[in-house]
Amino acid sequence: LIPPDEGITPGKGTYYASSCNACPAGCGILVRVSEGRAKKIEGNPEHPINRGKLCARGQAVVQELYHPDRVPHPLKRNGPRGSGAFTRISWQEGIGLLTDRLKALQREQSTNGLALLTPHLRGTLAELTGRFMRTFGSTNHVSYELLTPDLLRIAARRSFGQPTLPYYDIAETRYLLSFGADFVDSHLSPVKYGSAFGEMRQGRDTVRGHFTYVGGRMSLTAASADRWMPAKPGSEGTLALGIARLILAESLYDSGALAMNGLEAKKLLAALDRYDLPRVAQLSGLPQGAIAEVAREFASTRPALALAGEMVAFQSNGPESVRAVHLLNLLVGSLNRPGGIYPDAGSPSGPENSFAELIALIETMRGGHVKVAMIHGDPLYSVPPATGFHDALAKVPFIVSFSSLLDDTALHADLVLPDHAALESWGDVIPVAGTREPLVGLMQPVVEPLFDTRQFPEVLLATAHELGGRMAAALPDESYLELLKGAVRKQAGFGAGVDFEAAWVDLLQHGGLFKTKSVQPTGYRWSSDAPPPLPEDPDFAGDQKTYPFHLIAYPATAFYDGRGAPYPWLQQLPDPMTTVVWGSWVEINPETAAEHGIGFGDLVEVSSPQGTLRLPAVVYPGIRPDMVAIPLGQGHRGMGRYAQGQGVNPLALVARQGTKQQPAWNATRVRITRISGNGELVTAGHPQGSLRSELVEI
Amino acid sequence: METMTSQYRWGMVVDLDRCTGCGACVVACQAENNVAICGKKEISEGRNMHWLRIERFWVGQYPDVRARFLPVLCQHCHDAPCEPVCPVYASYHNPDGLNGQVYNRCVGTRYCGNNCPYAVRVFNFYNHEWPNPLDNQLSPDMTVRTRGVMEKCTFCIQRIRRAKEDAKSENRTIRDGEIQPACAQTCPTDALVFGNMADPRSRVAILSRSPRRFRLLEHLGTHPSICYLKGGGREHV
């Protein structure tokens with residue numbers, strides 16, 4: 001009989017608490033480990049964000065750990081860039097290659113030649129990377145994420161004087177009005193708000209909350225709405241102001257709330273004079289009657305709550321439109337009230353201009369001033385080519401990638417220093433939003449590392465140690481774990497009498513620190529110097545004649561910004577709205593499709609001023625006839641066997657308008673042409689559903 | 001007439017007013033039950049292996065259009081059309097009211113799948129692979145089915161078994177909410193509720209008495225264990 005390893009009882013699972021980092025929401029997870037192998041990820045019932053629930057993406061993270069195409073050891077490029085030809089090297093050699101380059105920069109006194117590109121980092125890792133770059137003497141540290149909430153923060157700062165993201169009290173509200181906020185699939189904290197949505201619908205005995213969705217495409221979130229208002233893209237802010245004007249004109253507003261925020265109804269009404277019903281109806285393409293009805297329902301049902309999401313923010317007039325929606329919350333007295341919005345305590349502040357910083361970095365790279373680029377994440381996939389990022393990165397002589405799969409960026413790297421999988425890592429996960437109590441989720445390794453990989457922060461520490469001098473002095477920590485423990489100790493505010501080691505084990509068992517000493521943000525209050533929101537007319541790249549359709553690139557439910565694509569469970573998960581599996585598609589209104597002779601599954605060419613893609617068509621009843629939509633997340637050049645070559649990346653079509661430093665991803669026009677009848681589209685069910693709806697009575 | 005030989009009659013309530021169609025349950029089921037990964041070609045042949053699927057219906061036309069979601073899993077019928085047609089008794093009814101499947105009895109006639117009105121039985125037309133090290137994720141609680149075997153939702157019977165053993169060792173009955181199948185456990189909106197229908201005070205039994213209740217294809221007389229609650233709409237406001 002072979003005795004099992006210590007701590008293992010065959011057939012008995014052990015649950016480890018950790019945190020999910022598959023998206024910025026930062027849910028708590030429990031990982032079931034059996035015989036030393038991670039088997040299943042479940043929600044952590046104690047975690048205040050997700051309370052035991054978890055989305056599809058979070059559960060698939062176990063496939064990151066066991067992905068058959070993980071980079072098992074450091075790699076050095078030995079062919080032309082992008083060829084994918086690498087040789088195995090040791091960690092010593094890998095860190096040596098990096099430090100040689102960095103030492104050369106120090107010798108030449110051009111330390112600004114180092115650039116670090118990461119997703120938005122929070123907590124200890126943000127602190128560590130910041131210290132690394134500052135001490136080295138480089139200002140080129142850019143945190144970039146495609147679906148960044150920067151614009152929501154800008155809007156909050158302009159209106160309320162603080163960049164705090166909103167926390168929505170959806171569970172307690174009676175009327176939910178969403179302007180392009182897809183809170184059950186991607187907006188801020190989908191599991192948290194999905195759960196609250198269920199409560200809003202059926203959690204109260206006598207009240208069923210009503211839900212109206214504004215947006216030109218019926219998203220997964222919009223599919224649950226009682227009323228769908230397909231407004232023209234870019235007109236959402238105007239529509240919000242039209243509703244606001246009607247509420248003011250008919251005296252349906254909360255006068256106490258207005259007075260408290262230092263606003264006068266008369267003055268505000270005069271400022272919104274241009275937003276009369278006929279004009280708003282014409283600009284938004286919606287019937288006057290429906291707008292007035294929604295306005296009256298919204299103002300007369302208390303509490304009511306208005307949300308503004310990415311579909312609005314990523315227009316050319318994004319921040320002002322978001323502000324217009326928040327004005328609605330103010331008018332009906334929903335600021336800082338149950339069933340309304342509060343400032344979120346998750347990450348009260350965060351980057352507000354990360355896109356402008358990225359553009360600045362691209363300029364620096366193009367000028368040849370960046371000699372070494374350290375990249376965590378996959379910007380070659382998630383930065384739209386229209387920014388010039390791809391050409392600029394090609395001018396960097398030495399690229400280091402920390403990806404655990406050979407993604408698009410790693411394929412172009414000169415050195416790959418593979419990171420641990422999330423389930424092998426230590427870390428603190430601070431949710432971007434979704435809580436009114438500040439909290440720190442903890443990540444702990446649940447299995448022994450599978451391969452010869454090292455966690456990204458450990459590599460930074462080792463590099464600093466190798467560099468010596470100031471760097472070693474500024475980053476003296478033995479390991480990332482010690483650094484992390486120090487940070488958590490500070491956050492928890494443990495007194496001298498506390499046995500920290502015991503407290504630390506306790507925190508790990510529960511999944512994090514759910515009561516911190518951090519100060520909660522103060523309530524939202526309209527800034528005295530904030531002008532009324534006045535969104536300008538939307539501006540689109542491409543002229544209407546050549547490019548008659550608006551393009552919407554939205555995060556696919558399964559893939560978010562593309563991070564979910566390498567996992568076969570998510571590739572196989574039928575898209576909820578179209579039931580498509582393993583691929584991309586373009587959604588076209590049935591009327592438009594008929595005009596262009598396009599049938600379900602036909603191959604279609606979509607062209608914008610920026611680029612051209614070919615992909616299959618889905619005839620989609622829930623989209624405006626002047627819009628087409630393509631999901632984000634597919635079209636990777638690398639990322640392992642399951643993602644590689646599946647579908648297309650719609651970011652190739654996205655164009656930038658003018659010189660504005662704003663990520664207006666949804667402000668491009670396109671044209672469509674039918675190519676052939678075979679788009680190789682695979683759906684999991686019949687396009688109409690396999691049980692006939694009259695039979696199932698729904 | 002069925003005779004009650006167990007104090008449990010497992011059932012589920014699916015609240016369509018809560019369901020947002022997000023697909024978390026589909027992945028949870030796949031993860032818990034070692035459900036095979038199917039490629040594009042296989043699914044294009046209609047040979048997807050998911051035990052739980054979400055049907056999507058379009059109702060109406062633009063702009064008055066709405067999408068409705070319907071999670072469909074084995075209904076664990078009390079008069080199950082799949083059971084009497086199995087020549088080898090692989091498809092059977094257990095005392096708790098579960099519609100079970102014995103994989104090592106199954107000879108792959110597919111009569112049961114053919115007879116199921118809900119199309120929730122899936123057949124292994126191929127041998128499926130978990131390329132190393134992906135096979136490490138396979139749960140030791142479940143067998144991995146081979147080619148030629150019919151498989152289906154079991155209400156996560158491995159979890160029910162474990163809870164029964166725990167309850168027995170503590171000399172008590174299973175508490176309400178103690179067992180959750182993987183799908184109900186993960187459902188963000190709490191649309192899926194599982195429990196003992198034989199206990200009138202269980203959450204699932206209380207919910208199943210809602211005026212919004214209906215059963216899938218009720219007119220066929222299969223007496224499913226799953227009860228759906230009608231979704232909303234303007235008429236419910």
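With which side chain does the side chain of Thr212(A) make a polar contact? The legends below begin with that view. This is a predicted model in which local features need pLDDT of at least 70 and side-chain atom pairs count only at pLDDT 80 or more, while totals for chains, interfaces and linings use all residues. Residues are numbered from 1 along each chain as its sequence is written, chains are lettered from A and ligands numbered from 1 in the order in which they are written, and side-chain values use heavy atoms, with hydrogens and water left out.

View 1. The side chain of Thr212(A) makes a polar contact with that of His210(A), at 3.2 Å. A polar contact is a pair of N or O atoms within 3.5 Å; within protein, one must be able to donate a hydrogen and the other to accept it, and residues adjacent in sequence count only if both atoms are side-chain atoms. Strands (E, at least two residues) and helices (H or I, at least four) are DSSP runs, numbered from the N terminus. Thr212(A) is buried, because its relative accessible area is 0%; buried means under 20%, exposed over 50%, and partly exposed in between (1.4 Å probe, protein chains only). Leaving aside neighbours within four places in sequence, Thr212(A) is in contact with residues including Tyr175(A), Arg227(A) and Val294(A), contact meaning heavy atoms within 4.5 Å.

**View 2. The largest nonpolar core, with 243 residues.** Such a core is a set of buried Ala, Val, Leu, Ile, Met, Phe, Trp, Tyr and Cys residues joined through side-chain atoms within 4.5 Å. Among the residues that touch the most other members are Ile170(A), Phe179(A) and Phe155(B). Helix α7 (residues 236–249) of chain A supplies the largest share, eight residues. At least three residues come from each of domain 1 (166–343) and domain 2 (549–676) of chain A, with bounds taken from an automatic or database domain assignment. A second, separate core of 30 residues includes Leu114(A) and Leu417(A).

**View 3. Aromatic pairs in chains A and B.** Rings of Phe, Tyr and Trp (its six-membered ring) pair if their centres lie within 6.5 Å; planes under 30 degrees apart count as stacked, over 60 as edge-to-face and the rest as tilted. The count comes to 22 aromatic pairs over all chains. Phe183(A) and Phe197(A) form a tilted pair, 5.9 Å centre to centre with 55 degrees between the planes. Both Phe183(A) and Phe197(A) are buried. The pair of Phe123(B) and Phe125(B) is edge-to-face, because the ring centres are 5.0 Å apart and the planes at 80 degrees. Phe123(B) counts as buried at 13% relative accessibility, whereas Phe125(B) is partly exposed at 25%.

**View 4. The ring of Tyr342(A) and the charged end of Arg436(A).** Ring pairs link Tyr342(A) with Tyr167(A), Tyr168(A) and Tyr193(A) into a cluster. The charged end of Arg436(A) sits over the ring of Tyr342(A), 3.6 Å from its centre; this requires NZ of Lys or CZ of Arg within 6 Å of the ring centre and within 35 degrees of the ring normal.

**View 5. Asp15(B) in strand β1 (residues 10–15) of chain B.** At 6% relative accessibility, Asp15(B) counts as buried. The side chains of Asp15(B) and Arg212(B) are joined by a polar contact of 3.1 Å. Leaving aside neighbours within four places in sequence, Asp15(B) is also in contact with Gln202(A), Ala191(B) and Leu229(B).
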